[in-house]
Amino acid sequence: MRKKVLALGLIFAMTLSLFGCGGKEEGAASTDIAAAEKTDETEKETTKEGRDETAGSEVTTVGDSEAWVMNMDDMLAGSPFEGLTANEAYSYQLIVKSFSASFFTAVAEGAEAAAEELGVELTCNGPNTESDIADQVNMFNTAILNGLDGVAIAPSDASAVLDSLKTAKEKGVPVVLFDSGVENAPEGSVLGTVATDSVAAGRIGAENVYNAVSYKVSDGPIRIGMVANDSTSASNTLRGLGFVDGIIELGKADGYSVAVIGNEWFTKNCSDVGDESTADIIVECRVPATALVDFCASEVSAVCNKTDTAAVFGTNQTVTEGIIMANNNLQVLGSDPDTSIIGTGFDAGATIKENVANGTLYGCVTQMPYAMGYYSIATLVANNNGDETGDLPIPAYWYNAENMDDPLIAPNLYD
């Protein structure tokens, strides 16, 4: 068993070979650029004809598609945890950012399935919204003080859990992070991070948006909106940064000038803020005051009401549902960039799936929430059994109306 868990660096690092990301990581295993992802990465189609030929024609992934066709009947088969069972009936708690997003319901379902199959006890908890940071920290602290055998948590604010992680280490409570990492976690306080490489996943969105709308620059400057759910969690900030830096890189490769405006976190951390007055492409970054769908919709509307807006991207399920809500009033989204604003986002859920299927949304990036929850619990079990554990990178995939039923994609499109 020990050798299988140590194989994380071999099996799943191959799974997360990237086709181009920025220099920032959130705690999942570092990965290399996969040159094979595209034959000519630097050749970008900038005409409408070129865009029509390539848009939506392939499944862009972070990861090896062959390795991650999920077998819901046997999640351990072929994984680093194959053959794993708990030596004792360990007791765990899984703490999500909020159950208001069905993404985390899918995570919890995966965790509960793992608990049942591996023979451990599990409770799932989470605050009302992702903005209820203090409530989540209190849940984390209570779980630590209750002397559980382990806790899995998706931190809504990386800095807010630092003291809790220190306490967990002092009390010997194993902690696994999922969805979002904590870059400055106290040494030895985290067993591993089970998460998508957020920078690379954001870059998937950037590539698909850029390929769809960049030809429009020939008619004048264009605006691309990026709405992040928050500026505190690693998943949202780094997805947004991956998207922004991706647009910068792709635009510069085609000889365009790119400027980044709006939210201070992104203008300070992007690779090149540029000059708005001379930019061919303006990336406008916005963050709602509260991580709720209607607040996100307001930020989306502010971008989409501008006459030069060509596309808008959201960093998670809540923002993507906000894009849909805003469009219910504006009626500006569609799959043809000649006549519509291109709307893209993250994750799934019934509303998002419907709007991708009918072409209102151009496409989205999906993760593997069920697998994320399942392997978070498996990591805790392996550790309690005495095996070494580590980071577990989870792939992300681009999906649209054409590939939603693909066996690679469909198991990850939860309702």
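Q: What is the volume of the largest cavity in this predicted model?
A: A cavity is a set of points on a 1 Å grid over the protein atoms alone where a 1.4 Å probe fits but cannot get out. Grid points are joined across faces, edges and corners, and the space filled by probe spheres set on them gives the volume. A search of the whole structure for cavities of 30 Å³ or more finds 1. The largest cavity has a volume of about 80 Å³.

Q: Which element gives the largest share of the lining of the largest cavity?
A: The lining of the largest cavity comprises 14 residues, with F103, F104, E130, N316 and D347 nearest its centre; a lining residue has an atom within 4 Å of a point. Two or more lining residues come from each of α4 (102-118), α8 (234-253) and α11 (317-330), where helices are DSSP runs (H or I, at least four residues) numbered from the N terminus. The largest share, 3 residues, belongs to α8.

Q: How many disulfides does the structure hold?
A: A disulfide is a pair of cysteine sulfur atoms within 2.5 Å. The number of disulfides in the structure is 0.

Q: Is C285 buried or exposed?
A: Residues under 20% relative accessible area are buried, those over 50% exposed, and those in between partly exposed (1.4 Å probe, protein chains only). Because its relative accessibility is 2%, C285 counts as buried.

Q: What confidence does a local feature need?
A: Residues are numbered from 1 along each chain as its sequence is written, and side-chain values use heavy atoms, without hydrogens and water. In this predicted model, side-chain atom pairs count only at pLDDT 80 or more, totals for chains, interfaces and linings use all residues, and local features need pLDDT of at least 70.

Conventions:
1 Å grid on protein atoms, 1.4 Å probe; cavity = no way out; pocket = protein on both sides within 12 Å on 5 of 7 lines; lining within 4 Å.
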